[in-house]
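Dear colleague,

I am passing on the structure below and would be glad if you could look through it before reading my notes. The notes follow directly after it.

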Amino acid sequence: MNGLTERLRRFIGGLSIGGKLHVITLGTTLLIFVGTLLVYVTKEFEDMAGEERAQLNLIAGMLGRNITAAVAFRDQDGARELLDALAAKSTILRAELDLPDGSRFVRYERKASAGAKANPTLQLISVDLTQNGAPLGRLSLYADTGSLAQRQRELLLYAGGFLVLGIVATLVLGNRLQRIITRPIAALTSAMNAVTQTKNFDLRLTPSTEDEVGQLVRDFNTMLGELAERDAALARHRQDLELQVAERTEALSASNQELRMTVEALEASKNRAEAASRAKSQFLANMSHELRTPMNGVLGMIEILFTTPLSEPQRHYCNAIRHSGESLLGLISNILDLSKIEAGKLELGRELMRLGELVEDVGEIFALSLSQRGIELIVSVDARINRQYYGDPLRLRQILINLMGNAAKFTQAGSVSLRLGRVNGDAGDVQRLRFEVADTGIGEEARSRIFEAFTQADTSTTRQFGGTGLGLTISRDLIRLMGGELEVSSSPGRGSVFSFTITLEAGPLLELEPHERLRDLAVLIADPKPESRAALENTLRSWGIAARVLDPKAAEAETGCDIAILNAAPDGQGAELLEGLRRLEIRQGLVILRQHDDPAPALPVLDAPICILLKPVRRSALYNAVLKLVNGEVPMDLALSQSEAGAEGEDYPQFGAKVLLAEDTALNQEVAVTMLSQLGCTTQVANNGAEALRAMERSAFDLVLMDCQMPIMDGFAATRRLRELAAQEPMPLAGRLPPIIAVTAHAVAGDREACIAAGMDDYLAKPYRLSDMAEVISRWLPVQAAGPEASQAPEAETAPKPTAMTAAQALAYLDEGVLRDYQQVKKAKGAGLLQRMAKLYLNEAPDYLADMRAGLERGDAQAVWVAAHSLKSCSAAVGATALSRLCRDIEDQGRRGSLETLPQSWGKLTRQFDQAYAAVEWLAQHGVNPVEGMAAPRGIN
């Protein structure tokens, strides 16, 4: 039904207005005519049927009254005669008279005519016959209703004809009448189409009616008038617009010219910026190489020095140098992350780290410099930190070094503290840790802008506090990356406290189970510093030691202790504590904590040994010292605990290989040759790639260490040329092409891939340790069970200059301790090291002195202090300590930009240099025989 309605709606909707009027008119007419005819025909049908029935009832009633007597007397003939009278009524087909007992009394039936239907439609009329209330029988008449149906059909035929005539009349009349409405609408439509096609808004229509259509025509005329006025206004506006466009076009042309010039300028700026960016990247790579190359020498020599017998202070100093060098190396690597920092894409690393050791390492870096300035350094690690943690140790170390450097820079007296603690109640797999650096420096007034980049406390050219002003800013940003916030509290003249709290994922537990022999130990702490005293007490109690603090006022009541720990303050503090210790019974030993270079306090002879530890004291060092005293492993005549490493050093694999070293820096040649000799290798040195090619053509090698950046021919070009030569037939090389190990100080992303692409087999980044070199070589060469003794490559003979110094004068001028350290290197693996260092000094020291002279003549303070720094370092390395100290003073003057007093002291400097040069010249020629030229080793007390 809904579908039919929808189709009808769509059909009517598609018709024109005339069609819609036709449909409406015809539909209305049909509805009225059909309804009227239906009512009329139905009424006529009912009237005809009622009339027919009334006639039959009348006939039946009259016949019943007349035939009652015949029935009563059982007169069949009379009754039949009365029934035969029904023949006058043609519609009655038969009549039947039945008695009360159901028997048929008389029956009448009309004879069938020729046109009679075979099965006519019958209508029954029955009349009961009675006499005096008694039933006589039933009279039944059967009439044919066919004539009634014929009359009805005729009536319907007349009604249908009338309906058709009405429809035709409606169509004709409606067609004429609807034109009154559709004609003006059609005219309006035609006019609208004409206006649409011709855009002639002057066209007008004459209204033919006063109805809505006429109003529509008038509105249409009005609209055309308004459109015509609009067109005229648009034409006028177009003319004005063309003038404006012409003016604007001229102005735009000028603007375009200016824009083109601007674009060209921007393009030029962009090209310059891109060139600057490329130059910056290249500069960073080159600076990385230039900085890593000397760092390789520094860390390499420290690595070699660790293989020699060292005293505890010496090993302590070497550790501090190594940690400082590694931190500097990390900062150099940070330079390569500059683009990531600028783009905000710096990502933190994630590796296991021992936070306690990391904090102690940072403390060691600053220990010596603070000690020389008389500043107390206190390093405190919460004993509850008994796990490793996942994080970025390099960035965390960088933050702590920045904060400690800032505190050390602004502190002139007092103390600097570095603390690591765990937030109370915070345990489990994720822990909150608090780092704190406190000082007694200048305080808030000079630090109001400390978090602004490139800002110092003093901005004058002769400022007291140096630095770039970036340390705290970078630290704050790194701490934010770790999810913390750098906070500072400060009081003018009383110092500042920098602190931050970060959340780290806890890793495996540390093996910190204390030795059972320490659990019931009685340890007495004699320390005038409340903060360091609390740190010691906290550490000892975490090991199960019953530690107590010595009260000098109650020293008489003390009954003694197993071990005493004395913090020897250099400023004279703690004199009462020292007196108290002298009166006590110390049963197993005394541990003295002192600053670098401070003498041990004078104590009477004890019946127990003494261990001296340098501050800041590592927890592991204190633990080992206490355990050694308890176990009786410290001799009575030993005043300083020795290193755990023996004089023989660590055993490294021996390869017994012949190695070609292509390296252009003399110091790095020395480091590599010495390390290779420690690995049982014979080394030949080439100063550049071209020399390496010639060496390969003359001799066969088992391995090549190829520096990437060298003059004349770099490592990449040399390697490619070697690969080309190895592919020729016959091969011009003296032997097969050995593995080529790239040695580079660039260490930037993609550098390893570049080395491999150039034909190198492996990669060793500077600075490297002896273990790193051993690991790389072991991937390419077999390890020998007992390699041959290493020997150095033949060096060019240099004729020694005549010397005016005797052996005694030379040895008297040079530092005996430095010479002895060199002589204690294993003979098979370090022979000739001192003489080679002396020859390097003779080659390089005059250049440094010349640079200082040139800088002084130009008034270039920076050139003076750079050259003085270099001469100071190399002089100290060969034992010319007097000249080194004088260069240190000149370096300090150059750093401050103050060269006024340098000309007056230049004569003293040159005299010291001449003496040092003569002593080192004798040393390079003769070496040192520990039996002839040196006294027996001095004890350390």
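**Notes on helices and a cavity**

Helix H8 is mostly covered, with 14 of its 18 residues buried, where buried means under 20% relative accessible area, exposed means over 50% and partly exposed lies in between (1.4 Å probe, protein chains only). Please bear in mind that this is a predicted model, in which local features need pLDDT of at least 70 and side-chain atom pairs count only at pLDDT 80 or more, while totals for chains, interfaces and linings use all residues. Residues are numbered from 1 along each chain as its sequence is written, and side-chain values use heavy atoms, with hydrogens and water left out.

H8 covers residues 355–372 and reaches 27 Å from its first C-alpha to its last, close to the 26 Å expected at 1.5 Å a residue; the expected span is 1.5 Å times one less than the number of residues. Helices (H or I, at least four residues) and strands (E, at least two) are DSSP runs, numbered from the N terminus. At Phe-366 the helix H8 bends by about 40°, the bend being the angle between axes fitted to the seven residues ending there and the seven starting there. After H8 comes Gly-374, with a positive phi near 75°.

A cavity is a set of points on a 1 Å grid over the protein atoms alone where a 1.4 Å probe fits but cannot get out, and lining residues have an atom within 4 Å of a point; points are joined across faces, edges and corners, and the volume is the space filled by probe spheres set on them. The largest cavity is lined by 20 residues, of which Val-379, Ser-532, Ala-535, Leu-536 and Val-617 lie nearest its centre. Strand E6 (376–381), helix H11 (530–542) and helix H13 (619–631) each give two or more residues to this lining, and the largest share, six residues, comes from E6.

Val-379 also has a C-alpha separated by 9.4 Å from that of Val-437, although the two are 58 residues apart along the chain. Val-437 lies in strand E9 (residues 430–439) and is buried, with a relative accessible area of 2%.

Finally, the 17 residues of helix H23 (residues 861–877) should span 24 Å at 1.5 Å a residue, which agrees with the 24 Å between its end C-alpha atoms. Just after H23, Gly-879 takes a positive phi of about 95°.

With best wishes

Technical notes. On a 1 Å grid over the protein atoms alone, a cavity is a set of points where a 1.4 Å probe fits but cannot get out, and a pocket is an open set with protein on both sides within 12 Å along at least five of seven lines; lining residues have an atom within 4 Å of a point.
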